[in-house]
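Please open the model in your viewer with a cartoon display, and keep the sequence panel beside it so that each selection can be followed in both.

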Amino acid sequence: MLFVNTRPQDRAAALTAALSNQQLSVFELPLLELEAMQLSAELYDLYQKLPSAQVIVVVSPTAVELGMQYLQQTGIQLEQLSHIQWIAVGLKTAQVLAKYGIQALIPEIETSEGMLQLPCLQNLPQGSCIAFWRGEGGRQFMMQQLQAQAMHILNFVLYRRQCPPICQALIPLLAKKIQENLPYSVLISSEASWLNWQALWQNQPEIIKNAHYMVLGTRVAQLMQQDRQLQQADFQITLLDTLHPAAILAHLALEKGKA
């Protein structure tokens, strides 16, 4: 079986190593790369408002590093934020926050839906201020849900996500690997990843239709189910609630047993 690891290059290594150790063939195709935003006047103004927040939601290790970098550049001290509850989307993000002396809450399911279930968000009074350290286009659903609950959102867009140029060059090699290794599984960890995957194979739709997708989070899985119906495809979707290598290996073993 071939596994297509679509995590960004700086986050793919641990999963690739774990799968390779189990004699699985892994092809790395990073569907997203992150580019830092400039510290604009708008972003500077948001930092001046940050001490008024009750919660800061941090969506990735990159958001931590850039958020802290800009925090220093704008003259805000961490001591000014000591009253704030921090939320990390997952363990890796929490570990990076811990390097700055911050203990963050982590949801059981590392998705927007999982974070929304945290008691600290569910029990906030209306009008509370919640800051998001995120990338362009990310966590829209979560912010919309909180705004619908009359929460005030501080939207820190710290980086943009794009499909790395190298992906297009890797497509012919991956197509050859797929032909040699049917069946094949593809990791989809975000809506942006799914959109980029489809764009890369727009001239070879059979690649999209014949894959088994391992998908992080209910919302992205539902989006893919809708696309499957529109495209009249029959690709398989397995829902993941974590990207931990052991969990992915367990799902792959289950699928292999069904085959």
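In this model, which is predicted, begin by selecting helix H9, residues 191-200, which lies across strand E1 (2-5), E8 and E9 and runs at about 135° to E8.

Next, bring up the sheet that contains these strands: an open sheet of 5 strands, paired in parallel, in the order E2-E1-E8-E9-E10. Strand E2 (25-28) and strand E10 (236-240) stand at the edges, and because each has a single partner strand, one side of each is left without a neighbour in the sheet. If you look along the sheet, neighbouring strands are turned by 25° against each other on average, with direction ignored.

Now select strand E8, residues 184-188, together with strand E9, residues 212-216, which run parallel and are joined by 4 bridges. Within this pair, Ile-188 stands opposite Val-215 in E9.

With both helices shown, how do the axes of H9 and H11 cross? They come within 9 Å and cross at roughly 30°, and since angles under 35 degrees count as roughly parallel, H9 is roughly parallel to H11.

Finally, display the side chains where the two helices touch: Glu-191, Trp-194 and Gln-198 in H9 meet Arg-219, Val-220, Leu-223, Met-224 and Asp-227 in H11. Coloured by class, this contact of H9 with H11 shows 4 nonpolar, 1 polar and 3 charged residues.

Definitions and conventions
Residues numbered from 1 in each chain as written. Predicted model: local features only at pLDDT ≥ 70, side-chain atom pairs only at ≥ 80, totals over all residues. Heavy atoms only, no water. Pairing = 2+ DSSP bridges. Axes fitted to C-alpha atoms, helices over the stretch in contact; angles between N-to-C directions. Contact = heavy atoms within 4.5 Å. Parallel < 35°, antiparallel > 145°, perpendicular 65-115°, else oblique. Nonpolar A, V, L, I, M, F, W, Y, C, P; charged D, E, K, R; others polar.
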